[in-house]
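Subject: Structure for you to look through

Hello,

Here is the structure I said I would pass on. Please open it first, then read my notes below with the model on screen.

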Amino acid sequence: MEHEAPADGDTRSRVRALVAAQQDQLTRQGVDQEMLARQMRQVYEEFTQLRMHYQFGIDEVQTKVNILRQEFEQIHDYSPIEHVRSRLKSTESLIEKAVRTGGEMTIPAIRARIHDIAGVRITCSFVSDVYWIADMLSRQPDLEVLTVKDYIAAPKPNGYRSLHVIVQVPVFLSQHTEYVPVELQLRTIAMDFWASTEHKLSYKYEKNLPAPLRAELDDAARVAADLDERMERMRAEIRPMPEHSAPEPTASPASQPTTAPSPDSAAEARGA
């Protein structure tokens with residue numbers, strides 16, 4: 001998955017201010033240096049443990065995806081999964097987002113308000129396959145779907161298209177079970193190519209793209225969407241539309257349904 005976009009100037013300033021305040025505390029006369037050292041060690045250990053738990057969550061989800069992928073490759077004559085990548089937010093990126101979103105800077109508070117610490121991206125050839133894989137995963141009994149944001153049916157203003165599904169997966173540790181949210185990003189190859197290019201350009205220009213370049217990206221987004229529609233019409237020549245048993249969602253794309261949208265409901269949303 002792409003690297004995290006740089007924080008804006010205001011966020012960087014606030015992060016630097018927090019660090020400077022901590023450094024000032026450490027050097028101030030009369031402060032119990034041993035106590036501060038213990039506090040710093042505790043914060044470090046908490047962040048290390050937090051990232052470890054989320055990495056385990058990624059591992060659990062990737063195992064599920066890889067099982068599906070291998071099943072299709074070894075038993076069936078067609079696999080809807082083309083590529084799988086994962087991403088765990090760096091400590092720096094996590095702190096920046098925690099500052100940007102406001103609220104307490106404690107581990108429980110950060111966990112409660114930041115749900116994209118861990119991410120898995122699944123790339124498919126066809127739009128219907130995106131919903132097909134989301135449906136397969138959402139029906140697994142140990143995965144709980146927390147939110148679904150369908151940017152395929154309702155693209156972002158900048159042209160970004162993808163299906164985002166946040167699932168909660170149990171991680172069984174030696175003494176207890178952690179329930180870890182993992183963000184799934186499911187998209188086609190065309191969507192992924194466009195999003196990767198847009199991300200790199202936004203990173204280079206710090207999100208202030210020149211107008212001609214913005215216009216080129218807007219046009220490329222339309223071309224990518226048209227390509228997906230044309231490829232979808234040819235999909236039946238490779239494999240018929242998959243059967244599905246999940247109920248159709250009744251909530252809007254950006255709300256929180258209990259199941260991921262099915263291929264047919266997605267086609268209706270696009271007006272197919």
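Helices and strands here are DSSP runs, numbered from the N terminus: a helix has at least four residues and a strand at least two. On that basis the protein chain has eight helices and five strands. Please keep in mind that this is a predicted model.

Overall layout

Starting at the N terminus, the order of elements is α-α-β-α-α-β-α-β-β-β-α-α-α. The protein chain has 272 residues, and 42% of them are buried. Buried here means a relative accessible area under 20%.

Nonpolar cores

The largest nonpolar core has 45 residues. Which of its residues touch the most other members? They are Ile122, Leu163 and Leu186. Another core, apart from that one, holds seven residues, including Tyr151, Tyr160, Trp194 and Ala195.

Aromatic pairs

How many aromatic pairs does the structure hold? There are two. In one of them, the ring centres of Phe72 and Trp132 are 5.4 Å apart and the planes stand at 70°; planes over 60 degrees apart count as edge-to-face, so this pair does too. Phe72 belongs to helix α2 (residues 33-75) and Trp132 to helix α5 (residues 127-138), so the pair ties together parts that are 60 residues apart in sequence. Phe72 counts as buried because its relative accessibility is 6%. Trp132, at 8%, counts as buried as well.

Tyr151 and Tyr160 also form an edge-to-face pair, with 6.0 Å from centre to centre and 65° between the planes. Is Tyr151 buried or exposed? Its relative accessible area is 18%, so Tyr151 is buried. Tyr160 has a relative accessibility of 12% and therefore counts as buried.

Lys156 lies over the face of Tyr151, 4.9 Å from the ring centre. The charged end of Lys156 also sits over the ring of Tyr160, at 5.0 Å from its centre.

The cavity

A search of the whole structure turns up one cavity of 30 Å³ or more. The space in the largest cavity comes to about 40 Å³. Which residues line the largest cavity? The lining is made of Gly159, Arg161, Ala190, Met191, Trp194, Ala221 and Ala224. By type, the lining residues are five nonpolar, one polar and one charged. Two helices, α6 (189-204) and α7 (211-234), each supply at least two residues of this lining. The largest share, three residues, comes from α6.

Helix α3

Which residues of helix α3 (residues 91-101) are buried? They are Ser93, Leu94, Glu96, Lys97, Ala98 and Val99. Val99 is buried because its relative accessible area is 6%. Between the C-alpha atoms of Val99 and Ile110 there are 9.6 Å, and the two residues are eleven apart along the chain. Just after α3 comes Gly102, which takes a positive phi of about 75°.

Regards

Note on methods: Residues numbered from 1 in each chain as written. Predicted model: local features only at pLDDT ≥ 70, side-chain atom pairs only at ≥ 80, totals over all residues. Heavy atoms only, no water. 1 Å grid on protein atoms, 1.4 Å probe; cavity = no way out; pocket = protein on both sides within 12 Å on 5 of 7 lines; lining within 4 Å. Points joined across faces, edges and corners; volume = space filled by probe spheres on them. Nonpolar A, V, L, I, M, F, W, Y, C, P; charged D, E, K, R; others polar. Phe/Tyr/Trp six-rings, centres within 6.5 Å; stacked < 30°, edge-to-face > 60°. Buried < 20%, exposed > 50% of the residue type's maximum accessible area, 1.4 Å probe, protein only. Lys NZ or Arg CZ within 6 Å of the ring centre and 35° of its normal. Core = buried A, V, L, I, M, F, W, Y, C linked by side-chain atoms within 4.5 Å.
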